[in-house]
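Here are some brief notes for your review. Please read them with the model open.

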Amino acid sequence: MTVLRCVLLVTMMLLGGLQAARTQTVGGVDYAPEYDFSEFWAATDGRFFRVIVAGNPFPQMPVEEAKQRMLPVMQANKPRPALTFTYQQPPEQLRPDYRLVLVFDPANDLTAARVCAGQIFLKKPTEPRTPGRVYVFGIYCRNDLALSQTTAWTQANGPEDPRLGQMFVQLFLTLFDDRRWYRSPFNPWFAR
């Protein structure tokens, strides 16, 4: 009887571990033909990279507090260039204007083209939401063009929840994919 209990206990632990490993999910991804990782690197390496946040992933706290507490989490899980995330609007309009837009609980019909053009719509407060679930639509914009877009979601109790950091890791790896650059025949280090 003890062997059976041990087998059941190990099975339950493995299933629990598998569930914990799947707490972050990234949806499908779309890259514009103009997407170029080397352009992203050149625009952000050693520079500030503006983030625009719409919506509140943690409705139990004020939106400004949630944003300020999320910024160090994003920075700790940033993509490879030596960039610094900021919410600050530059003193003068940049051209090209590179930015990351994170829309938490976006409206179902929101598109990346609308987001990069400055039109952001959120779910209505009356629409059902899963408690503790953080859902984000991430878009990498250059001026009004959406260079890449994806969605991600996880369960998280607050900005410092490790699951949120892991979601950002996966989101950034997807939005700022360097594998496309490595495969480019115009990359001088391209190898087949």
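1. In which helix is Thr44 found? Thr44 sits in helix H2. Bear in mind throughout that the model is predicted.

2. Is Thr44 buried or exposed? Its relative accessible area is 1%. The cut-off for buried is under 20%, so Thr44 counts as buried.

3. Which residues does Thr44 touch, leaving aside those up to four places away in sequence? They are Phe49, Pro81, Ala82 and Leu83.

4. Now the largest pocket. About 300 Å³ of space lies in it.

5. E2 gives the largest share, three residues. H2 is also the helix that holds Thr44.

6. By class, the lining of the largest pocket has eight nonpolar residues, four polar and four charged.

7. The second largest pocket holds about 260 Å³ of space. It is lined by 16 residues. Closest to its centre are Asp105, Arg129, Thr130, Arg133 and Val134.

8. How do the lining residues of the second largest pocket divide by class? Eight are nonpolar, four are polar and four are charged.

Methods
Residues are numbered from 1 along each chain as its sequence is written. This is a predicted model: local features need pLDDT of at least 70, side-chain atom pairs count only at pLDDT 80 or more; totals for chains, interfaces and linings use all residues. Side-chain values use heavy atoms; hydrogens and water are left out. On a 1 Å grid over the protein atoms alone, a cavity is a set of points where a 1.4 Å probe fits but cannot get out, and a pocket is an open set with protein on both sides within 12 Å along at least five of seven lines; lining residues have an atom within 4 Å of a point. Grid points are joined across faces, edges and corners, and a volume is the space filled by probe spheres set on the points. Helices (H or I, at least four residues) and strands (E, at least two) are DSSP runs, numbered from the N terminus. Ala, Val, Leu, Ile, Met, Phe, Trp, Tyr, Cys and Pro count as nonpolar, Asp, Glu, Lys and Arg as charged, and the others, Gly among them, as polar. Buried means under 20% relative accessible area, exposed over 50%, partly exposed in between (1.4 Å probe, protein chains only). Contact means heavy atoms within 4.5 Å.
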